Amino acid sequence: MATLRQQIATNVLTVTRFRDLLRKVRAYRPDDDLAPIKKAYEFSLEHHKGQARESGEPYLVHPLQVATLLAEMRLDTTAITAGLLHDAVEDTSVTIDEINTEFGEQVAHIVEGVTKISKIDFASSEEAQAENVRKMVLAMMDDIRVVLIKLADRLHNMRTLKFLSPERQQKIARETLDIYAPIAHRLGMGKIRGELEDLAFQYVDPISYNQVKDAIESRRKEGEAFLAEVQGTIEQKLRENKIQARVEARIKRFYSIWQKLQRQRISVDQIYDMLALRIITQSESDCYAVLGIIHNQWRPVPGRIKDFIAIPRNNFYKSLHTTVISEKGHAFEVQIRTEEMHKMAEEGIAAHWKYKDGPVSARDEQRLAWLRQVVEWQRDIKNSGEFLATLKIDLYPEEVYTFTPKGKIVILPRDATPVDFAYTVHTEVGHTCIGAKVNGRIVALRYKLRSGDIIEILTQPGHHPSRDWLQFAKSQRARQKIKHWLNVHQRERAIEIGRKLIEKEARKYRIAMKTISDTELMRVSSENGLAKPDDLLAAIGYGKFSARSILARLVPPDEAHTVSGQNPPPEDGGSNGLTSVVRRVFGSDTSAIKVKDHDDLLVYRARCCNPIRGEEIEGYVTRGKGVAVHSRSCSNVVNLMFEPERRIAVEWGRDAATPNWQAGYPVKLAVYCDNRPGMLKQIATVISDANTNIRNIEAKTAEDQATVEIIADIADLKHLDRIVTGVRKIPGVRDVRRLQKL
């Protein structure tokens, strides 16, 4: 009897939600035939029968909720039909061919695309993860509705994430922050992006989430009262000036606040735009009129006025932003936009994506132009870490608006330099760039451009890019062009060095190079996994292989015995002497880190990042010093890896590190906290209680804020995470960061 009642309740729930879905679709597509949607519902009802979600709800609730989210985006009936069917192939015995037969080729194509994305494991190894992201980008290019359905799917899953295990919560939330929220942002879908970020934030970093939440909630009542008062004043001023507009008040989202706290190292009280009002007008001219009214009523904050109507963001976001100060000293942000701009800001590409009403608009084609660029440059990036790092920059661009001397706008990433500007103009202008004038004044190539700057590039024929440019170039185009030039020319030089080294080694043992056939060179190259002799010579030139060991494998057996058995010639100084010097200078740790498939290469931890056991690491062959081992998260890794021949696989040794400070690595931590009595003692106590030796501690204060820098001996990554978590729980601690350089 209970089972029957439960079945009836389930049926009532799904039928009610389906009727709500149909009502929403009819409201914005009254002339469409909704029969495919009804058929898809019945099809899903049949094939998901008996399935339940972790929450205990019938599984059908999920595709219904996804379809409802798509209806709220006002997508076409094809997308909504595919939304109802999006899990059918993955979670039931249904095949794509069946979907094709029942619902047509277009729906089947979309469902297949969503199914492929659903199988992607973004938490896999970096190589697999990069390949998966590439697949997703290509799926977006093929049909943007594939990703819109996946975003709706992810949003509903995030809303019900509490029913999963902590491990799965962490994995899905991190994936959401790294991949799905940035894609929503790049497609201009601010509403979905904001909710995805806040939902993921509470699982990825619960300590920070609760700190921000408590800070906001303690100020909410006062803030809402203040916003209500300001809203009333604005509405009155709008009536007096006969401007039709509606006013919305809001408090900034938790994740957005946290990002600003991290970026600017400030307290919640110092965030100007935590309180915000949005004024939605009838026309663009009204937007500027309202801006004048706001500035007449309250004093604007210098440098906080942004006109994204005249110069829209890369994702086509349009709005006027200004921050003003009230009579009582409260700072608040005002965003001013038209109804059309508001719709685009909230829904992005979904607001104009139409299939049944005609071809894709020119605006949507422009919106997808960045995807085509990603598809183009991702083919040229072989290194997985570099690809993922670059994609994240491209998904979350923060722009600087600059001008040519003729007034043309050039949009660049934040902190872009004249080098980025030069490569945006033309590749040859970038290659031959020797300097720049900004606003008529000569500046260094490292100069960080600001919005409004007028840039003139100075060139010199025959000039070439410098490897140092990679340290400050920000745009993907500039970095790729610089790396390509360096890679080609560095490789040519490495081949020449490799040839000279092996010839020099052959002369020492009185071996004639002409006796070594091309066949033998090809054989040894293949044995080392290289395609051709030039690759082998380049590897010798880079220092990846020793000329003597390669020569021993090239010459006849009787001569090879002579080469491999003889001690190194005295003029080389001996490998033992060199090894001891390098270990003394660079701190080699060959017992902890090993080079895969190479036993004779010296290994040392790079000083720029000082990796610790448990971190993912990358090896980079340096001439005369051995293999430098970097943390994969090190900022220098992307810059170094433009020469793939120098990359070498390294791994931590199998011997477990002693879990105490005596076998630890020195790690520098920066603690950003309130300046109050007892804070330093609490921090030191937490670190000491984790069986950790503190080598050095320094504190710097400024009014109510403090920065405490600590160098401690850390055994491994888990040990570090335990200390960081403990320190962050101390009241008044805003953030704990690991500093790369000691």
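The structure is a predicted model, in which local features need pLDDT of at least 70 and side-chain atom pairs count only at pLDDT 80 or more, while totals for chains, interfaces and linings use all residues. Residues are numbered from 1 along each chain as its sequence is written, and side-chain values use heavy atoms, with hydrogens and water left out.

**Helices α2 and α6**

- Helix α2 (residues 35–47) packs with helix α6 (residues 96–103) at an angle of about 145°, their axes being 11 Å apart; helices are DSSP runs of H or I with at least four residues, and strands are runs of E with at least two, numbered from the N terminus.
- Axes are lines fitted to C-alpha atoms, for helices over the stretch in contact, and angles run from 0 to 180 degrees between N-to-C directions.
- In contact (heavy atoms within 4.5 Å) are P36, K39, A40 and F43 of α2 with I99, E102 and F103 of α6.

**Helices α19 and α21**

- The axes of helix α19 (residues 418–425) and helix α21 (residues 476–508) come within 8 Å and cross at roughly 85°.
- The two helices α19 and α21 are therefore roughly perpendicular to each other, a term that covers angles of 65 to 115 degrees.
- From α19, V419, D420, Y423 and T424 meet R477, A478, K481 and I482 of α21.

- Strand β20 (residues 705–714) runs antiparallel to β19 and is joined to β19 by eight bridges; the bridge partner of K700 in β20 is T707.

Conventions. Angles under 35 degrees count as roughly parallel, over 145 as roughly antiparallel, 65 to 115 as roughly perpendicular and the rest as oblique. Two strands pair if DSSP finds at least two bridges between them.
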